[in-house]
Amino acid sequence: MSSESIAARTPPVTTKLPSVGTTIFTVMSALATETGAVNLGQGFPDFECDPKLVNAVTDAMTRGLNQYPPMTGVPGLREAVAGKIAALYGHRYDPATEVTITAGATQAIITAILAVVRPGDEVIVLEPCYDSYVPNIELAGGVVVRVPLVPGTFRPDFDRIAAALSPRTRAIIINSPHNPSATVWTREEMLRLQELLAPTDTLVISDEVYEHMVFDGQAHQSAARFPALAARSFIVSSFGKTYHVTGWKVGYVAAPAPLTAEFRKVHQFNVFTVNTPVQHGLAAYMADPQPYLQLPAFYQRKRDLFRAGLAGTRLRLLPSEGSYFQCVDISAVSDLAEADFCQWLTREIGVAAIPLSAFYGDGFDQRVVRFCFAKRDETLRTALDRLARL
């Protein structure tokens, strides 16, 4: 048989993620584009970042800073991150051995999981949760243990967390300010978690990408504030969220040196390193803390504008304590399931939202959908004009 006569055939592949399809964010954004709806679904700003940040990155490019940086990140940026954490949360990380620059927070989270979770290890997730957590655990061969936040309030249920802990628990993933519910963990809740984990070897992956979006005078309770939590935590944050540049995909992880050493073993082989001129630009820009210090007031004003407009509808507002999300109860508006309501809202009213059921493994439907208010005022007003029909 000649090689020309051999039929082309793609061998079958058994999927590692059989339950994963197109994400709800992609689906709703595509529908918003198709229908001309205002997209308040996917969580990204529709406004530009500070021109000074773009100029700082451009300057780095023109100075020839375009080749590989150190695998762990540009030293100046790691030092700036360590300085910021020390100033805000009182814990000093060694920038050489305890801070790593990542290709966004999503890469940071999967890298932390791959670094410490082995086949059969259990990892607790608190639902509703960001959609990358569960697939990340499954790719590492871990066992997902789902613990619901309290329906309605989305507060942590420590009795259920305690019941879920076992000798096989390798880690717990926490997220505050919380996506999608916009709740913020209190100091008392963080202390309770610290107490609960103290007699265990459970690690913490603390997703803090919305750390600078906490409202009404509250303080963000980073795991870095609590010594016994900091000692067992990977703390993840995002320059994209903080500086309105989500498409740049740059974040960081701060963790004790032994955890960082394991993290970097994986990091060097899944991305190796991160965009050089962007790192240098961020390092220069971080010399002034005001852009992130003023972020709570910036987003609180948008939150208040959006909530004031929604108050005139039959949607029931849930608290928005942090992040740039607002959840609403749709019970008085429609009998549709959350996902069907979001489809209807996009097609008939012209505003896209995300169903909270998409953040639960079993699709738990509690008649709540999520809006993103990280938008220009004119975008929010257009959306509110349309939502006034409800």
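User: Does T260 count as buried or exposed, judged by relative accessibility?

Analyst: This is a predicted model, in which local features need pLDDT of at least 70, side-chain atom pairs count only at pLDDT 80 or more, and totals for chains, interfaces and linings use all residues. Residues are numbered from 1 along each chain as its sequence is written, and side-chain values use heavy atoms, with hydrogens and water left out. Buried means under 20% relative accessible area, exposed over 50%, and partly exposed in between (1.4 Å probe, protein chains only). Because its relative accessibility is 2%, T260 counts as buried.

User: In which helix is the place of T260?

Analyst: Helices are DSSP runs (H or I, at least four residues), as are strands (E, at least two), numbered from the N terminus. Leaving aside neighbours within four places in sequence, T260 is in contact (heavy atoms within 4.5 Å) with T97, E98, T100 and A255. The place of T260 is in residues 257-270, helix α10.

User: In what order do the 4 strands form the open sheet?

Analyst: Strands pair if DSSP finds at least two bridges between them. Strands β10 (residues 325-329) and β13 (residues 368-372) run antiparallel and are joined by 5 bridges. The edge strands, each pairing on one side only, are β9 (316-317) and β12 (354-355). The pairing is antiparallel, and the order is β9-β10-β13-β12.

User: Which residue in β13 is the bridge partner of D329?

Analyst: Strand β10 covers residues 325-329 and is joined to β13, residues 368-372. The partner of D329 in β13 is V368.
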